[in-house]
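Colleague: I am new to this structure and would like to understand the words used for it. Could we go through them together?

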Amino acid sequence: MSTRIAFLKGHGTENDFVIVPDPENAIDLPPATVAALCDRRAGIGGDGLLHVVRSAAHPEARGMAAGAEWFMDYRNGDGSIAEMCGNGVRVFARYLQRAGHVSAGDIAIATRGGVKTVHIAKEGDITVGMGRALFPEGEVTVSVGGREWPARNVNMGNPHAVAFVDDLAHAGDLTTPPPVGPPSAYPDGVNVEFVVDRGPRHVALRVHERGAGETRSCGTGACAVAVAAARRDGADPDVTGTPATYTVDVPGGTLVITERPGGEIEMTGPAVIVAEGLIETEWLESALR
């Protein structure tokens with residue numbers, strides 16, 4: 001690296017990200033580099049990194065370039081690659097708007113979980129079409145500190161285990177992944193949500209995200225929780241014929257999730273850009289030694 005790298009910092013319901021604009025996919029971002037940038041004490045700090053690349057310039061996204069100009073090359077805070085990040089898509093869209101690449105209205109963003117439709121309101125929140133949830137077969141359980149709960153296996157392009165509990169404190173500190181069984185259910189790891197009821201179609205969660213630990217919010221997790229709650233409550237839109245909307249409180253704010261007949265899920269919430277600057281190459285090279 002011979003030049004300083006531009007970056008921004010943003011968050012969606014306090015799920016925060018380092019944003020690295022790189023339209024032509026010219027910046028090498030191996031796992032160690034991503035982990036150094038996301039380090040909260042020695043780096044910029046973030047739950048993950050949003051690498052902003054034109055779809056046509058990225059080998060994983062070229063097949064989606066006709067439908068989406070921009071690809072969200074998302075990385076977890078430990079440098080590992082993730083299929084999808086719901087809060088990240090909103091922040092990614094907010095960056096594109098700020099940079100003048102898109103304006104308010106409907107846009108498409110390519111992700112490893114497919115092309116996502118996004119609506120940027122002229123003022124306020126951003127809505128993301130999150131696709132449909134899948135419900136892999138087989139029973140799973142989540143355990144913490146001697147307690148064990150049955151969990152709903154939900155896939156939102158990435159895997160989730162949703163456990164309904166009496167008290168969010170039962171989740172423990174969530175610094176390490178909660179044990180989930182059987183191990184064969186999630187060979188590549190899993191995001192684990194602990195959920196309590198707050199009122200009619202109103203729930204709250206805490207989450208352990210793969211590769212990041214406990215985060216202040218998880219967009220795909222909020223969607224997984226909403227659809228799991230709808231099945232539990234007898235509000236499956238394919239059965240009732242009407243949309244099911246749930247308010248989902250996360251530690252960093254509130255998301256509104258709507259599942260429509262046919263399975264399409266929409267997530268609405270805020271997205272904020274808080275800072276921008278330059279990464280010193282000397283620091284980065286030193287951090288990677």
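Modeller: What follows is a conversation about terms and the values behind them. This is a predicted model, in which local features need pLDDT of at least 70 and side-chain atom pairs count only at pLDDT 80 or more, while totals for chains, interfaces and linings use all residues. Residues are numbered from 1 along each chain as its sequence is written, and side-chain values use heavy atoms, with hydrogens and water left out.

Colleague: Why is T13 called buried?

Modeller: Buried means under 20% relative accessible area, exposed means over 50%, and partly exposed is what lies in between, with a 1.4 Å probe and protein chains only. T13 has a relative accessibility of 3%, and therefore it counts as buried.

Colleague: What makes E14 partly exposed?

Modeller: The relative accessibility of E14 is 35%, so E14 counts as partly exposed. E14 lies in the loop between β1 and β2, and T13 is also placed in the loop between β1 (5-12) and β2 (15-21); strands here are DSSP runs of E with at least two residues, helices are runs of H or I with at least four, and both are numbered from the N terminus. Although it is not a glycine, T13 has a positive phi of about 45°, and E14, not a glycine either, has a positive phi of about 70°.

Colleague: How do you know that E259 and R231 form a salt bridge?

Modeller: A salt bridge is a side-chain nitrogen of Lys or Arg within 4 Å of a carboxyl oxygen of Asp or Glu. For E259 and R231 the N to O distance is 2.6 Å, which is within 4 Å and therefore meets the definition. The pair links distant parts of the chain, 28 residues apart, with E259 in strand β16 (residues 253-259) and R231 in helix α3 (residues 219-232). Both of these residues, E259 and R231, are buried.

Colleague: What makes R260 and E266 a salt bridge, and why are they called partly exposed?

Modeller: The closest N and O atoms of R260 and E266 are 3.2 Å apart, so the pair is within the 4 Å limit. R260 has a relative accessible area of 34% and is therefore partly exposed, and E266, at 26%, is partly exposed as well. Elsewhere, salt bridges that share partners join K9, D16, R40 and D47 into one network.

Colleague: How many salt bridges are found in the whole structure?

Modeller: A search of the whole structure finds 19 salt bridges.
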